[in-house]
Amino acid sequence: MNADHSYRRLYGVRGWTILAAFAAVIFIGFPVFNLAVGPDSTFHISAYWVTLLGKIMCFAIVAIAMDLVWGYAGILSLGHGLFFALGGYAFGMYLMRQIGSDGQYRQPMPDFMVFLDWKEFPWQWFNTDSFLWCAMLVVVVPGVLAYVFGFFAFRSRVKGVYFSIITQALTFAAMLLFFRNATGFGGNNGFTDFRRILDIPIATPQTRMALFAITGATLIGTLLLARWLVTSKFGRVLAAIRDAETRVMFCGYDTLHYKLFVWTLSAVLCGIAGALYVPQVGIINPSEMSPANSIEIAIWVAVGGRGTLAGAALGAGLVNGAKSFFTQAFPEYWLFFLGLLFILVTLFLPQGVLGLISKRKEHA
């Protein structure tokens with residue numbers, strides 16, 4: 001297969017054009033209009049919009065990860081918020097260590113540990129003052145948990161609604177565990193009040209823009225990786241497992257390994273998204289493990305278009321954009337709107353927004 005054919009198969013000319021336009025906005029447009037254009041200008045992009053879009057891009061990575069297992073492998077997870085939060089906590093430990101003695105109590109330990117009268121760091125905080133160590137934890141912790149859980153679940157042929165319920169129970173149990181002060185992760189309040197990253201102040205516009213650009217690059221990389229995966233032979237086998245797993249097994253394929261790989265990869269991508277989310281938003285707490293958050297991730301994918309990758313990212317943007325509006329203008333109606341949106345999409349847009357756009361193009 002020649003390079004040109006691979007290029008077209010991966011995304012096509014139109015897809016690459018859209019991706020290039022998105023990259024230009026992220027790597028050129030936002031930095032210029034945020035850093036170079038003064039706040040008095042009409043064209044200035046404020047820090048609020050940088051943070052908001054950075055957060056939405058993190059959610060888009062999670063949506064793509066969810067679409068890999070649900071849209072292409074037929075595995076509906078209602079616990080992906082756990083992997084996202086674990087990545088956030090793993091990197092949050094490093095950010096807490098970077099505070100040093102600048103906390104409220106002026107002690108070398110995080111404020112919540114001083115408040116609880118702890119004299120030394122718990123075992124899980126070993127070497128968390130190292131950026132590389134915590135970056136490794138971001139990948140390893142969600143990945144190992146997903147691998148162990150998936151191995152036993154898939155080997156036991158747990159699937160369908162039963163698998164979804166078990167994943168929801170897993171994230172709920174983890175949330176209850178992290179709410180406890182004795183766990184060593186800040187209890188109800190979690191981690192916040194971050195000051196530095198790699199000894200560079202987080203609050204500066206330059207650092208925020210750097211985090212924003214890294215998140216954008218990770219989103220593009222995730223999209224390309226996922227697209228390459230689903231268009232390969234591996235992706236075709238995944239789709240076959242989704243549609244008729246028993247037949248795939250009769251053909252001689254070990255479906256356990258296929259499902260376990262994509263499940264673990266999806267968890268790792270969520271962990272990376274969580275690590276990028278925490279320094280931009282400035283907080284991570286057990287509420288990120290709420291089962292409602294994991295259900296919301298599934299809604300992003302359904303709204304955008306299950307089994308489309310780009311649609312999943314689009315769904316994350318649309319739903320979270322609407323959430324930002326409703327939680328400010330009509331906070332009491334947000335959950336009603338979210339429920340109504342899911343019902344309408346299920347009834348009238350089974351292929352999501354991207355599917356609707358594709359149908360209109362076909363009829364045009």
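The model is a predicted one. Helix 9 and helix 10 are oblique to each other, whereas helix 2 and helix 3 are roughly antiparallel. Helix 3 also supplies residues to the lining of the largest cavity and to that of the second largest pocket.

**Helix 9 and helix 10**

- Two packed helices are described by the angle between their axes and the distance between the axes.
- Helix 9 covers residues 233-250 and helix 10 covers residues 255-281.
- The two pack at an angle of about 135 degrees, and their axes are 10 Å apart.
- Angles over 145 degrees count as roughly antiparallel and 65 to 115 as roughly perpendicular, and helix 9 and helix 10 are therefore classed as oblique to each other.
- The crossing of helix 9 past helix 10 is left-handed.
- On the helix 9 side, the contact is made by Phe234, Val237, Leu238, Ile241, Glu245, Val248 and Met249.
- On the helix 10 side, the residues met are Thr255, Tyr258, Lys259, Phe261 and Val262.
- By class, this contact of helix 9 with helix 10 has nine nonpolar residues, one polar residue and two charged residues.

**Helix 2 and helix 3**

- Helix 2 spans residues 12-36, and helix 3 spans 47-70.
- Their axes come within 11 Å and cross at roughly 155 degrees.
- Because angles over 145 degrees count as roughly antiparallel, helix 2 and helix 3 fall into that class.
- Helix 2 passes helix 3 in a crossing that is left-handed.
- Helix 2 brings Phe22, Ile26, Phe30 and Asn34 to the contact, where they meet Ala47, Trp49, Val50, Leu53 and Met57 of helix 3.
- The contact of helix 2 with helix 3 divides into eight nonpolar residues, one polar residue and no charged residues.

**The largest cavity**

- Rolling a probe the size of a water molecule over the atoms shows where empty space is left.
- The count of cavities of 30 Å³ or more comes to one.
- The largest cavity holds about 30 Å³ of space.
- Its lining is made up of Val50, Thr51, Arg208, Leu211 and Gln280.
- Val50 in helix 3 also takes part in the contact with helix 2.
- Helix 3 and helix 8 (205-230) each give at least two residues to this lining.
- Two of the lining residues are nonpolar, two are polar and one is charged.

**The second largest pocket**

- The second largest pocket contains about 470 Å³ of space.
- There are 22 residues in its lining, and Lys55, Phe59, Tyr277, Asn320 and Lys323 lie nearest its centre.
- At least two lining residues come from each of helix 3, helix 4 (80-99), helix 10, helix 11 (291-304) and helix 12 (310-329).
- Helix 3 gives the most to this lining, with six residues.
- The lining of the second largest pocket has nine nonpolar, nine polar and four charged residues.

Terms used: Residues are numbered from 1 along each chain as its sequence is written. This is a predicted model: local features need pLDDT of at least 70, side-chain atom pairs count only at pLDDT 80 or more; totals for chains, interfaces and linings use all residues. Side-chain values use heavy atoms; hydrogens and water are left out. On a 1 Å grid over the protein atoms alone, a cavity is a set of points where a 1.4 Å probe fits but cannot get out, and a pocket is an open set with protein on both sides within 12 Å along at least five of seven lines; lining residues have an atom within 4 Å of a point. Grid points are joined across faces, edges and corners, and a volume is the space filled by probe spheres set on the points. Helices (H or I, at least four residues) and strands (E, at least two) are DSSP runs, numbered from the N terminus. Ala, Val, Leu, Ile, Met, Phe, Trp, Tyr, Cys and Pro count as nonpolar, Asp, Glu, Lys and Arg as charged, and the others, Gly among them, as polar. Axes are lines fitted to C-alpha atoms, for helices over the stretch in contact, and angles run from 0 to 180 degrees between N-to-C directions. Angles under 35 degrees count as roughly parallel, over 145 as roughly antiparallel, 65 to 115 as roughly perpendicular and the rest as oblique. A crossing is left-handed if the near helix is turned anticlockwise from the far one by less than a right angle, and right-handed if clockwise. Contact means heavy atoms within 4.5 Å.
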